[in-house]
Amino acid sequence: YDKDLEFLKYNLKSIKKFCQGYHENIIVIDDYNDDCIKTRKYLDSIGQKYIVNNEAKHVPIGYIRQQYMTYFMDDYLRDADYVCSVDSDNIFQNNNDPYCFFKNGLPVIGMQKWSDMPNESFKQCTNETLGFNSKYNFMRRMPLVYPLWLFKEVRDYIETKHGQSFLSYFTNLKHTSEYNILGAYAYKFYRDSFYWVDVIEDKEEWEDLTVPCTQYSNREKAQPHRYVDLSK
């Protein structure tokens, strides 16, 4: 959205410079109030393909709204097998292709026991959404790669579990973590479809599987360890 537009510009430049062999790059935005007007104008000016999720505006909290949009990758990329989910503040720093996200033909997902994490801020909301306890955090790096079929299945699961539409459920959320939900669901029901790496117990292997991409932030107080002043 517009507050991350300057990061998005760097993100797009880094993708153009360093990423080879990917099918296409699509930006997803919403039409909540005026949050994405500048972004939309910029994307139009450079001819960048984007999709507007028209349902997301009904989700009142911005960071929940952004996560809500993530669950519809199968609508945005109907002809793809996998999606690489990249945030605006993810900047690629060296040459890469899709194979760097796979091992033994499976997408790599790092995980870390909640008991080894400095905090468990997403543990409870993940367990509440899924209706079972997960002992791992699955958001150990960005970007993340998933098979496209996973998204609709997780949406359907959440609707059934909570007896309401997916949109209705997210409209009432105050705290959530889409990548932990996707990871915990996949680990429980489709463990053989991914290559799992415990980032603590398998530290050397995890370091060997690093991708040339760094996550930054313009949130000086909330994320000082990743903060970058783009004006400088």
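**Briefing: a predicted single-chain model**

Lys16 is exposed, with a relative accessible area of 78% (exposed means over 50%, buried under 20%, and partly exposed in between, with a 1.4 Å probe and protein chains only). The model is predicted: local features need pLDDT of at least 70, side-chain atom pairs count only at pLDDT 80 or more, and totals for chains, interfaces and linings use all residues. Residues are numbered from 1 along each chain as its sequence is written, and side-chain values use heavy atoms, with hydrogens and water left out.

**Overall architecture**

- Nine helices and ten strands make up the secondary structure of the chain (DSSP runs numbered from the N terminus, with helices being H or I of at least four residues and strands E of at least two).
- The chain is as compact as a globular protein of 232 residues, because its radius of gyration of 17 Å is close to the 17 Å of the globule rule (taken over C-alpha atoms, the rule being 2.2 Å times the number of residues to the power 0.38).
- The C-alpha trace spans about 45 × 40 × 40 Å along its principal axes.
- Of contacts between residues at least 6 apart in sequence, 76% join residues at least 24 apart (contact means heavy atoms within 4.5 Å).

**Surface and charge**

- Of the 232 residues in the chain, 47% are buried.
- The mean positions of the 29 positive and 34 negative charges lie 4 Å apart (Lys and Arg count as positive, Asp and Glu as negative, without His and the chain ends; the places are NZ of Lys, CZ of Arg, CG of Asp and CD of Glu).

**Lys16 in helix 1**

- Lys16 belongs to helix 1, residues 5–18.
- Between Lys16 and Phe92 there are 9.5 Å in space, C-alpha to C-alpha, and the two are 76 residues apart in sequence.

**Ser217 after strand 10**

- Ser217 lies in the segment after strand 10 (213–215) and is buried, with a relative accessible area of 0%.
- Not counting residues up to four places away in sequence, Ser217 touches Phe7, Asp89, Gln223, Arg226, Tyr227 and Val228.
- A polar atom of the Ser217 side chain lies 3.0 Å from the backbone nitrogen of Arg219.

**Helix 5 and its packing**

- Within helix 5 (residues 123–130), Cys125, Thr126, Asn127, Thr129 and Leu130 are buried.
- The buried residues of helix 5 pack against helix 6 (149–162), helix 7 (166–171) and helix 8 (178–189).
- Gly131 follows helix 5 and has a positive phi, near 80°.

Conventions:
Polar contact = N/O pair within 3.5 Å; in protein donor to acceptor, adjacent residues only side chain to side chain.
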